[in-house]
Every structure is written in C-alpha cells, then in structure tokens.
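Subject: Structure handover

Hello,

Here is the structure I promised to pass on. Please open it next to this email and follow along.

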Amino acid sequence: MSILAFSVLVWVGSFSAGLVGSLTGLGGGVVIVPLLTSVFGVDIRYAIGASLVSVIATSLGSASTYIRKGFTNIRLGMFLEVASTIGAVVGASIATIVSVKFLTIVLAFVLIYSAYLSQRPKTECVEVVKSDPLAEYLQLNGTYPINDGVMSYQVNSLPAGFSIMLLAGILSGLLGIGSGAFKVLAMDQAMGLPFKVSTTTSNFMIGVTAAASAGIYLSRGYIEPGLSMPVLLGVLPGAFLGARILIGAKTQTLRIIFSIILVLMALKMVYNGLTGGV
C-alpha cells in the first residue's frame, strides 16, 4: 500500500471515529487507538501518540463554544485538572516502559466499559443537595443555561471526584483516549453535576490532560507526523459534524452499533494480546 493510500484510509477512519465519538459523547480517541492498531497494524504506542494529538485539537476546537454558551464550569475544571494532569504524566511515563501486551489488554477492558457507558441513560435533572464545604470554599458551584433561563447546581463529593480524575488522567496518558468517559463519570455520578455541565467541562479538560502526556510521547519519539496529520485532519471535521448532528438527532441506534464495534475491537485485542499477535 502506498503512503498516499494509507493516509487517505487513515483520514477516512479518523473522520468516522470523530463523528461517532462526538455523537456518542465518548470522543474520537476511544476509537482511534483500536482502529489504528487493529485495522491498520500500527504499533500501539504510535497510535496513542497520534490519538493524543487529535484529542488536543478537538478539545481546543469545541471547548470555546461551550464556554461561550455558559455550560462549562471553568473553576471546577481547572481544579480537577490538577489531578488528571498528574495522572496523565504518570500514565504516559508507565506506557513507554510497559509491554505492548499489557497496554493492549488494558485498552480492551476500557473499550468494553466505554461500550457500557454509551448505553446508559443520561438524565439531565439532578437532585439538589447540600454542597460540599470545600466546593463552597473554592466557589466551584455554578449555573448553566436552560430553555427558560438558568439553573443553579451544587458540587458534591469533591474528594471522590478528584480521586476519579486522577485515575482518568492515568488512563489518558496510558492509552491516549482522553478518558472523557471517566471524567464525565466523576462529575455526573460522583459529584452530582448536570450531564451537560459534566460533558462540556470534561471536554474543556481533556485537551490539557492529553497535552501533559503528549509531551512525554513526543520526547520518546512516539508521535509520528506522517501518522498524526491524517488522524488530526480526519477527527476534527468528524467531531464538528457530529456535534452539529447531535443537536437534533436520535442517536440510540448509533450508540448500539458503536457499542458492538467497541466490544468486537476489544475482543480482538484481547485475543491478539493473549496469543502474542501484538
């Protein structure tokens, strides 16, 4: 296969990953790494490096829109970013020294969990309870726009959310997936934030988390421009198109298909890891 044909195929695959990742709320990174390794036979460390570059770009590209519309909690995001950035550096450092088989098995289990998350119902209304005292002290509570005005919300269980963010950062650096699903889990489930605030704040954070770990991959030579460029140019327009479609689309069927694809990729990666095919 020629370099041009390979680049075009990677672009098409990356565009599809960005589109589907945006529609399902899990991000394109969770698709890019298994796509490059399972379909195109790319070494998993180079696939992770390319995925991190695309995560940075998509986060920067869409975060400004959500901030301008008033959904993103910037103060909370900056506070939690301390944990995820530390985790990202730790994860990236581990990823460059552990075996490829280990990375493959871990990624497979993360894919299966991501498939599960994509099927969970996402409720917007949250029960208003007493705010975490630390969150009040740091002024992390906020508001977000709704159809007829704005709604206030309280941040709860801040230490628990901070701990989950540390894990999300480690997975991001280890696997190059952005770990948006785990960031949303921390804010939506553990901290009781509205889902729109959780997803938009997560989007704001993943670019910084990815940048922290991308520097380590770059210093170790695992970011290849010839691979990262078509991935970046594919994921960006795919993610923006997905965001536009998501406004009026019913995506339940797409979520089911997406989950099936993730599980199949995960099983293939487990098989390859156990049989020495990676």
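Start at Tyr 217. Leaving aside its neighbours within four places in sequence, Tyr 217 is in contact with Arg 45, Ile 48, Gly 49, Leu 52, Ala 92, Ala 95, Gly 173, Leu 174, Tyr 222 and Ile 223. One caution before you go on: this is a predicted model.

**The cores**

Tyr 217 also belongs to the largest nonpolar core, which has 41 residues. Tyr 217 is among the members that touch the most others, together with Leu 36, Ile 48, Leu 103, Leu 175, Leu 227 and Val 231. Which elements give two or more residues to this core? They are α1, α2, α3, α4, α5 (100-119), α7, α9 (195-219) and α10 (225-246). There is also a second, separate core. That one has 17 residues, including Ala 83, Met 165, Leu 193 and Val 197. As background, nonpolar side chains tend to be buried together in soluble globular proteins.

**Aromatic rings**

The count is 6 aromatic pairs. Take Phe 6 and Phe 40. Their ring centres are 5.7 Å apart and their planes stand at 85 degrees. Planes over 60 degrees apart count as edge-to-face, so this pair is edge-to-face. The pair links distant parts of the chain, 34 residues apart. Phe 6 is in helix α1 (residues 3-24), and Phe 40 is in the loop between α2 (29-39) and α3 (44-69). Is Phe 6 buried, partly exposed or exposed? Its relative accessibility is 24%, so Phe 6 counts as partly exposed.

Now look at Trp 11 and Phe 15. This aromatic pair is stacked, with 5.5 Å from centre to centre and 20 degrees between the planes. Trp 11 and Phe 15 are 4 residues apart in helix α1, so about one helical turn separates them. Trp 11 has 35% relative accessibility and counts as partly exposed. Phe 15 is partly exposed as well, at 21%.

Tyr 217 comes up again here. Tyr 46, Tyr 217 and Tyr 222 form one aromatic cluster.

**The strands**

Next, find β1 (residues 142-146) and β2 (residues 149-153). These two strands run antiparallel, and 5 bridges join them. They form a hairpin with 2 residues between the strands. Ile 146 stands opposite Gly 149 in β2.

Gln 139 sits in the loop between α6 (133-137) and β1. Its phi is near 60 degrees, a positive value in a residue other than glycine. Gln 139 has a relative accessible area of 55%, so it is exposed.

Ser 157 lies in the loop between β2 and α7 (158-175). Phi of Ser 157 is near 50 degrees, again a positive value in a residue other than glycine. Ser 157 is partly exposed, with a relative accessible area of 35%.

Is Thr 72 buried or exposed? At 11% relative accessibility, Thr 72 counts as buried. Which residues does Thr 72 touch, not counting residues up to four places away in sequence? They are Tyr 66, Ile 67, Thr 200, Thr 201 and Phe 204.

Best wishes

Key: Residues are numbered from 1 along each chain as its sequence is written. This is a predicted model: local features need pLDDT of at least 70, side-chain atom pairs count only at pLDDT 80 or more; totals for chains, interfaces and linings use all residues. Side-chain values use heavy atoms; hydrogens and water are left out. Rings of Phe, Tyr and Trp (its six-membered ring) pair if their centres lie within 6.5 Å; planes under 30 degrees apart count as stacked, over 60 as edge-to-face and the rest as tilted. Buried means under 20% relative accessible area, exposed over 50%, partly exposed in between (1.4 Å probe, protein chains only). Contact means heavy atoms within 4.5 Å. Two strands pair if DSSP finds at least two bridges between them. A nonpolar core is a set of buried Ala, Val, Leu, Ile, Met, Phe, Trp, Tyr and Cys residues joined through side-chain atoms within 4.5 Å.
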